[in-house]
Amino acid sequence: MNPKLPYILLVGAAVIIFILSCMLLSRGRQSPSCDSQPSVAKKTESVNQSLVFADLTPEEMSQVVRYLRGHLGVPLVEASRAKPSDNCIASVDLQVPAKAEVLRFLDSGGARPAREALAVLYFGNQAEPNVTEYVVGPLPTPAYHRDVTVHKYGGKVPYHRRPMLGSEYKQLGVFLETVAFAAAPTFLQEVFEYDRTNVAFQTTVPHGFQSGDRVTWFVLFQNVSGFFVHPVGLEVLVDHSSLDMSQWAVSRVFYNGQYYRDMVQLESAYVQGRISVEKVRKAPWDGDFSSMKPRAPAAALFPVQYEPQGPRYSVRNNHVLFQAWSFAFGMSVSTGLRLFDIRHKGERVAYEISVQEALSVYGSNCPGGMSTRYMDGSFGLGRYASPLVRGVDCPYLATYVDTHSLSESLRPRKRKASLCIFEQNLGSPLRRHYSNLQSFYYGGLVNSALVLRSIATVGNYDYVWDFIFYQNGAMEGKVQATGYPSSSFLHGDGLRYGNRLWEHTLGTIHTHFVNYKVDLDVGGVKNSLVAHDMAFEMTRAPWSPEQQIERPRLTKKVLDTEDQAAFRLQSKMPRYIYFAANSKNKWGHQRGYRIQITSFAGDHIPEGSSMERAISWARYQLAVTRRKEEEPTSTSIYNQNDPWSPTVAFADFINNETITNEDLVAWITAGFLHIPHSEDIPNTVTVGNSVGFLLRPYNYYDLDPSIYSHDGVFFTSQQDFTACEINPLACLPKTASCLPNFPPFTYDGFRNM
């Protein structure tokens, strides 16, 4: 062997290592970590002012609880273990100050409004049980409380109207297991192999047929993943109106199309062979067809969005700043996501935009399904805001915000990452033009918008709530529905009420209605409502009188009264309807913001229904009323359990008052009809199940404000469009070729369940 060979090999290896090191270092220089630009300039005054709308802090909630326990003079039981005959705190939330006080503070240097909480208490341990609402303040050190129930609702809230606590559901579950089911052991064992762990329940609302009722159908399912689509055919009606749980009783039983007086009669009929039994194949724990576990292995990663120079928005406390937009945000326990003091280019365009209610009305030939009318605000759209999963629920690099609530507890609860904020490139131009006539140029603007999102999981459904802010001054409110469809046991004429989704599963037809409150302040608090539309007019051609021309012309109408501004669900509404300011733009037009609704709503429940007034907001696709402090919401959490004597009836808001040059509120309803189909298995997708509204500037500006966006692109045929100073897109290989800093994946959704 040549004695020099080992040295030659060592030198060669060293050279290769050096070359590879240079390549790696070079690659590192080409793809550095993305650096954030200097943070968006924040106006400290605006940030501090927005705190007037901020949700209560955990410390403030705890102080309210401590104050109430020490000053009401009655024992308060932890709601999570309270009996119906106990006193307890149901919820504590922010008491939003009166608008006039807030505007004096924000706009005129007035005193900061007192910070107060609204506490909802159940008093079951009283001679006349009732629900009472207290305003408690000032925070952070409470010194007073006042009962506002009568002032808000015209009287005490009867106890039967209270939303059900989790403890009541647990107590009903114990009743079913130990009392109701104990009366039919043979039937349950032989038909369902019942072992106390293999069935799940879903309850119906409202609880009965008349004011004062508290009777509930419990629909039984196999206790597997996605149990909502695994009905077994048994439903039990329980009367739990008594505050003495020993008085609870089964009122009726339904099995496979037949009704029975109680579980005793069902057991007797089964033992005597007088029941038609439909055995349901036992599903595995993962639910089989209802499992959301992917049926395909992981492959190439889906596209991921990142910000090469860091976020172009700022979030500080409850205040968000994005380009020309600024707003404050919050999360109500009952109604969920809400915005305040929404400004564009420094000028307020809306005082409040908030979700009000989500309603579903079901049909079925089973008792539970046919009697279900969910008003999800009573369960809590904010309370059930779910932790968000990075990269799926929101972009991986979104800003995630924790929220806090106090509901059915004496201690506040932290909802980790239950709200997200991100800027999204929508992958299309906001506007563009390619000119190949006369002059040759391209001009365009990427449609990049800011999104504020929360997702509420209420039972089987997941609602994705978005507020979206565009660069042209438009703003969108949108909800997308997903989750599992509700189902009934398929029997008899069930296909009149939906589609068959599996062997024994009927996907039941239902409507979705969502209501929003939009308090626009266009160019000031005082606005009028104006409708523009078109009509064809026939005319003779001036240059050829023998010829007729049909030409569109503009129609204009000021809507003077609330009755004129209440548009029924299926009625024809002017295509352009807008809040008009008392000021004009450069071209002499009243400055305005237009309301544009996206909705595919099914029919509203007939007005002859005994419960319709409780959901009368759903009569209207749009209703504009005078703003009143005593009309803060279109519904009430108490309407769910007593819709026959509604605590708040929206129809009463519309009483033909003048709405010209007044402080106005738009109540917007959007919705869709859902007939579940086989593609809703394993669960419903968001595609096609999205509704909402747009607020668009209409002669508000002298020209499109997005022309001042830094994202604009323009070059002519005479320019070097590969030069960065001409076309910023030419710099992308340099400005965007960085490696984003992805934080480790974490999720807290399964803690403290």
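How much area do domain 1 and domain 2 bury between them, and what percentage of it is on carbon and sulfur atoms? In this predicted model, local features need pLDDT of at least 70 and side-chain atom pairs count only at pLDDT 80 or more, while totals for chains, interfaces and linings use all residues. Residues are numbered from 1 along each chain as its sequence is written, and side-chain values use heavy atoms, with hydrogens and water left out.

The two domains bury about 740 Å² between them, with 57% of this area on carbon and sulfur atoms; buried area here is the accessible area (1.4 Å probe) that two parts lose on being put together, summed over both. On the domain 1 side, Ser-80, Pro-84 and His-160 lose the most area to domain 2, and together they account for 60% of what that side buries. The chain is assigned domain 1 (47-161), domain 2 (166-290) and domain 3 (335-434 + 450-524 + 564-646 + 662-698), with bounds that come from an automatic or database domain assignment. Between the C-alpha centres of domain 1 and domain 2 there are 37 Å. Eleven residues of domain 1 are in contact with eight residues of domain 2, contact meaning heavy atoms within 4.5 Å.

The polar side of this interface can be described as well. Five residue pairs across the interface of domain 1 and domain 2 are in polar contact, both residues at pLDDT 80 or more. A polar contact is a pair of N or O atoms within 3.5 Å; within protein, one must be able to donate a hydrogen and the other to accept it, and residues adjacent in sequence count only if both atoms are side-chain atoms. Salt bridges across the same interface number zero, a salt bridge being a side-chain nitrogen of Lys or Arg within 4 Å of a carboxyl oxygen of Asp or Glu.

The structure as a whole holds 40 salt bridges. One of them joins the side chains of Asp-663 and Lys-99, at 3.0 Å from N to O. Asp-663 lies in the loop between strand E31 (620-626) and strand E32 (664-674), and Lys-99 in helix H4 (residues 99-108), so this pair ties together parts that are 564 residues apart in sequence. Helices (H or I, at least four residues) and strands (E, at least two) are DSSP runs, numbered from the N terminus.

Turning to the sheets, strands of a sheet pair through backbone hydrogen bonds, either parallel or antiparallel. Two strands are taken to pair if DSSP finds at least two bridges between them. Five strands form an open sheet in the order E6-E7-E8-E9-E10, with antiparallel pairing. Its edge strands are E6 (199-203) and E10 (258-260), each of which pairs on one side only. On average, neighbouring strands of this sheet are turned by 25 degrees against each other, direction ignored; axes are lines fitted to C-alpha atoms, for helices over the stretch in contact, and angles run from 0 to 180 degrees between N-to-C directions.

Within this sheet, E6 and E7 (residues 215-222) are joined by five bridges, and Phe-201 stands opposite Leu-220 in E7. Helix H6 (residues 166-180) packs on the sheet, where it touches E6, E7, E8 (231-239) and E9 (249-255), and its direction makes about 105 degrees with that of E8. Helix H7 (residues 185-192) also packs on the sheet, touching E8 and E9, with a direction at about 155 degrees to that of E8. Six bridges link E8 and E9 in the antiparallel sense, and Val-238 has Val-250 in E9 as its bridge partner. E9 and E10 pair over three bridges, with Tyr-255 opposite Gln-258 in E10. These two strands form a hairpin with two residues between them, and Asn-256 in the turn has a positive phi of about 45 degrees.

Ser-405 stands opposite Arg-413 in E18. Five residues lie between the strands of this hairpin, in which Glu-408 takes a positive phi near 55 degrees.
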